[in-house]
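These are my notebook entries on one structure. I record what I looked up about its cores, a helix pair and a hairpin.

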Amino acid sequence: MPIKEDFIILMPLYEDMELTDELSNWVKARTQGMISGTSVPAKTKGRFDCFCPQCHEQSTFISTETKSIVNYSYSNNRRMIKNEIFFFSYACARDERHKIEIIIKIIDKKIIKIGQIPSLADLQVKFSEKISKALGKQIVSEYGRAIGLASHGIGIGSFVYLRRIIEQLIYFAYQKALEKGSVNQEKYMKAKKIQDKIKILRKELPDILVKNTSLYSILSKGIHELTEEDCLRYYQVVKLAIDLIIEKYAASIEQEQILKNMEKEINKIHSVLS
Ligand SMILES: [Zn+2]
């Protein structure tokens, strides 16, 4: 099976891989006829399907630009390639300003990805525009970090970011309850355990979080007591729970917005009619 573009895009950073004939052919096919340091569109147009973090949708990315830097070493009057660095740029078919750019280095029969934007984590945060908007930039970016860390085998770090997501949702719920005047501020401040705070804010939080307060304890235990391996072992289940909480939260924000707009419109009609 030939190497596909998305294999190169989804390769983690800094992990070297053996430069197999297949990988070597992939690089050659996309840099054919190129002179060092010049930018020539690749003859073989690479394309692949991938989530576009800017469209918030699955899209197709098409190769638009390839550059190379080749360093040589000389021994006994023979020129040998010391190392090669390649830059690949791909543009989203929906909007060419949406780019995925990667830098690959080939050295000693090894291929290493040394740069990529957007990050692997950003490409894996497959939230719709609606959910991203409801969550806000900070949660979306921390969710991306949690995924990115777990995919690099860093379980404890991943748990830190997942726990922060829950803490931020609780904070948003508290702010909302304050606005509505539905929370006793003193009682809330006095509650030491997060489980008690969740209980106080139960009307403002997704049911799944209210019913599963142990999720927060698991994340805390992960951060303070468990090993990297333990955190990675529990990661999938914990992430699934966070995903469900996020979905419910985003849906409730959307519903509130619809309700608000509807009330506004009804008031407008009422004032016209009365
Ligand atoms: Zn796009």
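I worked on a predicted model, in which local features need pLDDT of at least 70, side-chain atom pairs count only at pLDDT 80 or more, and totals for chains, interfaces and linings use all residues. Residues are numbered from 1 along each chain as its sequence is written.

Entry 1, cores. I took a core as buried Ala, Val, Leu, Ile, Met, Phe, Trp, Tyr and Cys residues joined through C-beta atoms within 7 Å, buried meaning 20 or more other C-beta atoms within 10 Å of a residue's own, with C-beta atoms placed from the backbone. In the largest nonpolar core, of 35 residues, I found that Ala146, Leu162, Ile165, Leu169 and Leu201 touch the most other members. Helix 6 gives the largest share of this core, 8 residues. I also noted a second, separate core of 8 residues, Cys50 and Tyr90 among them.

Helices here are DSSP runs (H or I, at least four residues), and strands are E runs of at least two, numbered from the N terminus. I found the axes of helix 6 (residues 155-180) and helix 10 (residues 214-224) within 9 Å, crossing at roughly 145°; axes are lines fitted to C-alpha atoms over the stretch in contact, with angles from 0 to 180 degrees between N-to-C directions.

Strand 2 (residues 47-52) and strand 3 (residues 57-75) pair in the antiparallel sense over 6 bridges, where pairing requires at least two DSSP bridges. I saw Asp49 opposite Thr60 in strand 3. The hairpin has 4 residues between its strands, and His56 in the turn has a positive phi of about 60°.

Terms used
A residue is buried if 20 or more other C-beta atoms lie within 10 Å of its own, exposed if 12 or fewer, and partly exposed in between; C-beta atoms are placed from the backbone.
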